[in-house]
Amino acid sequence: MNAAIEKHIRFVLEDDSELMSAALTGDLDEENKRMNRELIKRHEAILAKLDNGKTLSQEDLQVIRDANEIYLNDAANLNGHHRQAVKLDRWLDHMMELDKDKAMQILEQWLDKDARTPARVYRALHTLWEEATPNDVVDEAAFDDKGQCFKCGSRVSFADVTDTVVFVGDEIVKRYDGDITNRNCVRCNHPKQYCDFAHYDDNDGDGGSPASEANRHQSGARRC
Ligand SMILES: [Zn+2]
């Protein structure tokens, strides 16, 4: 780490701790006093890491960023240290991990600054965003209104059901039936276990649609 950066980190942490210690003797409420004490401890832990040449964690860097903010925002340099604060902020930009939301926000913000940014650049950005978003975030319906899997036509599914039960002592006195969540087709997702339940699909009496009959026939061959 650059010596000037380290010096400024020490400065903002010690300065912030000093302010918070001073506030502890004032008429701050207990909750705020507790938070101040906790933050002072965190600052001390970070300073100890610097003393021992240890690597700072992402959480440490966030604490440093928060402490630096007052000097970063002081563009008129009333308190001094503004130039050092800007340097530290840039250094933090390099060191801190970005999550997808933040990355998207930064890119859009910079693209917005240039009126000539073509629409297809935004579209490319959103395409990348969608690629990066795990599939399970946007869940499509997987079963039709008869409870048949859209993919294979099976009616057998594993589902988590969350019931709320009322206990009096050790005894359950009432049960509120819960919602079905996380429902998965057994044939598609747990083919090995499907053998135990395949007979439910064989003799259903609902006379399903021709399409699902075809599905059932087709997938019967690769059943167990
Ligand atoms: Zn299925």
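View 1. The model is predicted. The donors are the SG atoms of C149, C152, C185 and C188. They coordinate the zinc ion at 2.2 to 2.4 Å.

**View 2. The zinc donors follow the spacing C-x2-C-x32-C-x2-C in sequence.** C152 sits in the loop between helix 6 (119–132) and strand 1 (157–168), while C188 belongs to helix 7 (residues 186–189), so this pair ties together parts that are 36 residues apart in sequence. C188 counts as partly exposed, at 32% relative accessibility.

**View 3. Cysteines and disulfides.** A disulfide is a covalent bond between the sulfur atoms of two cysteines. How many disulfides does the model contain? The count comes to zero, with a pair of cysteine sulfur atoms within 2.5 Å as the criterion. C195 is partly exposed, with a relative accessibility of 34%.

**View 4. Helix 4 spans residues 82–95.** Which residues of helix 4 are buried? They are H82, A85, L88, D89, W91 and L92. An α-helix has 3.6 residues a turn, so residues three or four places apart point the same way. The buried residues of helix 4 pack against helix 1 (3–24) and helix 3.

**View 5. E69 in helix 3.** Helix 3 covers residues 58–72, and E69 is part of it. The relative accessible area of E69 is 41%, so this residue is partly exposed. How far is the C-alpha atom of E69 from that of V12? The separation is 9.1 Å, although E69 and V12 are 57 residues apart along the chain.

View 6. N77 lies in the loop between helix 3 and helix 4. H81 is found in the loop between helix 3 and helix 4. The phi of N77 is near 55 degrees, a positive value in a residue other than glycine. H81 is not a glycine, yet its phi is positive, at about 75 degrees.

**View 7. The whole protein, for orientation.** The protein has ten helices and two strands. Along the sequence, the elements read α-α-α-α-α-α-β-β-α-α-α-α. Of the 224 residues, 25% are buried. Among contacts with a separation of 6 or more, 50% join residues 24 or more positions apart. The protein exposes about 16200 Å². Carbon and sulfur atoms supply 51% of that area.

Conventions:
Residues are numbered from 1 along each chain as its sequence is written. This is a predicted model: local features need pLDDT of at least 70, side-chain atom pairs count only at pLDDT 80 or more; totals for chains, interfaces and linings use all residues. Side-chain values use heavy atoms; hydrogens and water are left out. Donors are N, O and S atoms within 2.8 Å of the metal (3.2 Å for Na, K and Ca); water is not among the atoms, so sites may look incomplete. Helices (H or I, at least four residues) and strands (E, at least two) are DSSP runs, numbered from the N terminus. Buried means under 20% relative accessible area, exposed over 50%, partly exposed in between (1.4 Å probe, protein chains only). The expected span of a helix is 1.5 Å times one less than its number of residues. Contact means heavy atoms within 4.5 Å. Accessible areas come from the Shrake-Rupley method with a 1.4 Å probe; for residues, only the protein chains shown count as cover.
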